[in-house]
Amino acid sequence: MILGDLGAEVIKVERPGSGDDTRSWGPPFIGSESVYFLSVNRNKKSVAVDLKHPKGVQVIMELAGLCDVFLENFLPGKLDQLGLGFKHLSRENPRLIYCSISGYGQTGPQSRRPGYDSIASAVSGMMHITGPEGGEPVRPGVAMTDLATGLYAHGAVMAALLQRHKTGTGVHIDCNLLSAQVSCLSHIAANYLNAGKEARRWGTAHESIVPYQGFKTKDSHIVVAAGNDKQFTKVCQVLDLMELTEEQGYKTNQLRVQHRRPLLHTLSQRFLEEKTADWLRRFEGSGVPVGPINSIQEVFLDPQVKHNELIQEMNHPTAGRISVPGPAVRFSHFDASGPMPPPLIGQHTVQVLRDTLSYSDDVIKTLLESGAVSQNEVS
């Protein structure tokens, strides 16, 4: 989807009939369309192709011969059995960037296992470090492992395209959920690898920085992040607790980490005395990073979210007017065309066969009648 946002022509290959699994993920639905599917499939054309049909496989082979990038998320080895693996397609198109996205990688003892976000989040240790202090492991509220893998894949594809510009040849990219999430463990992983320190759950708090967490206020919650000693002093000024800066146990961050419980108790009691909005006003201009814990409704009422144009609206052929989160990045001298709504299953099959592969009407008719491809009747 990010590549589509940047102007790439993206052709999504789906099975005829049910299509992408996420089309059935709901509620909520808008009409018959899954809102989950709508949220992550803008700027894509959909072709419905039966890969169990020899003619369907041939269609994909011909598309791969013309495309710059081929992304797939089958179990490793499955497309090789169909003659659509990297070694097959790169013979026909040596410039092809072939990106495989799997659960565990293309090789190794677990490579044949299917992978979903929640499983990779568990296996990678992400769930182990997520949740309330002393509580049970928690799945992050959105599919962070899927999202991280997609971002890694996007960067890898862009790098491969630059490399191809230099060498003239394509490459096979192995991108997987497990590797993406383990790499995102960042300092948590480094703590273990270098100091042998096992991680634990901290809720909104930070293991190595104090105060750096959420606090309950008179009416909701606020997050305060004092990343250095100067910011801690500013926090104390705003809270009218300057006496804390004189206590030896709070002079440095390392000492505050060691004495976190009494310090956090004092801060927590103070934050309870006023409302979040009042605290935000008091912190304004202090140089201390603070923010409310917003509901989703509050997120999209936020003036900065509106200014950053993070709501994209478009007209869908069956769902009508829809809104989805927009791209996170803007460019000073590049403005992508308006978003194309998420496709219906097979909405663009005939268009792609005719305009991209230059198939004649007779050939397209034969493919449709054979069941190798299908075209959505709405389009």
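This is a predicted model: local features need pLDDT of at least 70, side-chain atom pairs count only at pLDDT 80 or more; totals for chains, interfaces and linings use all residues.

Biologist: Okay, what is the N to O distance in the salt bridge of R270 and E273?

Modeller: In general, side chains of opposite charge can pair when their charged atoms come close. A salt bridge here needs the nitrogen within 4 Å of the carboxyl oxygen. For R270 and E273, the N to O distance is 2.8 Å.

Biologist: Is R270 buried or exposed?

Modeller: Buried means under 20% relative accessible area. R270 has 11%, so R270 is buried.

Biologist: Which residues are linked with R270 and E273 in a network of salt bridges?

Modeller: A search of the whole structure turns up 19 salt bridges. Some of the residues link up into a network, and R270 and E273 belong to it.

Biologist: Let's move to another pair. Where do R23 and E33 sit in the chain?

Modeller: R23 and E33 form a salt bridge, with their closest N and O atoms 3.9 Å apart. The pair links distant parts of the chain, 10 residues apart. R23 is in the loop between β1 and β2, and E33 is in strand β3.

Biologist: And is E33 buried or exposed?

Modeller: The cut-off for buried is under 20% relative accessible area. E33 comes in at 9%, so E33 counts as buried.

Biologist: Now the open sheet of three strands: which strands stand at its edges?

Modeller: The order is β5-β6-β7, with parallel pairing. An edge strand has a single partner strand, so one side is left without a neighbour in the sheet. That describes β5 and β7.

Biologist: Which helix lies across β5, β6 and β7?

Modeller: The protein chain has 17 helices to pick from. The one you want covers residues 144-167 and runs at about 165° to β7. Its name is α7.

Methods
Residues are numbered from 1 along each chain as its sequence is written. Side-chain values use heavy atoms; hydrogens and water are left out. Two strands pair if DSSP finds at least two bridges between them. Helices (H or I, at least four residues) and strands (E, at least two) are DSSP runs, numbered from the N terminus. Contact means heavy atoms within 4.5 Å. Axes are lines fitted to C-alpha atoms, for helices over the stretch in contact, and angles run from 0 to 180 degrees between N-to-C directions. A salt bridge is a side-chain nitrogen of Lys or Arg within 4 Å of a carboxyl oxygen of Asp or Glu. Buried means under 20% relative accessible area, exposed over 50%, partly exposed in between (1.4 Å probe, protein chains only).
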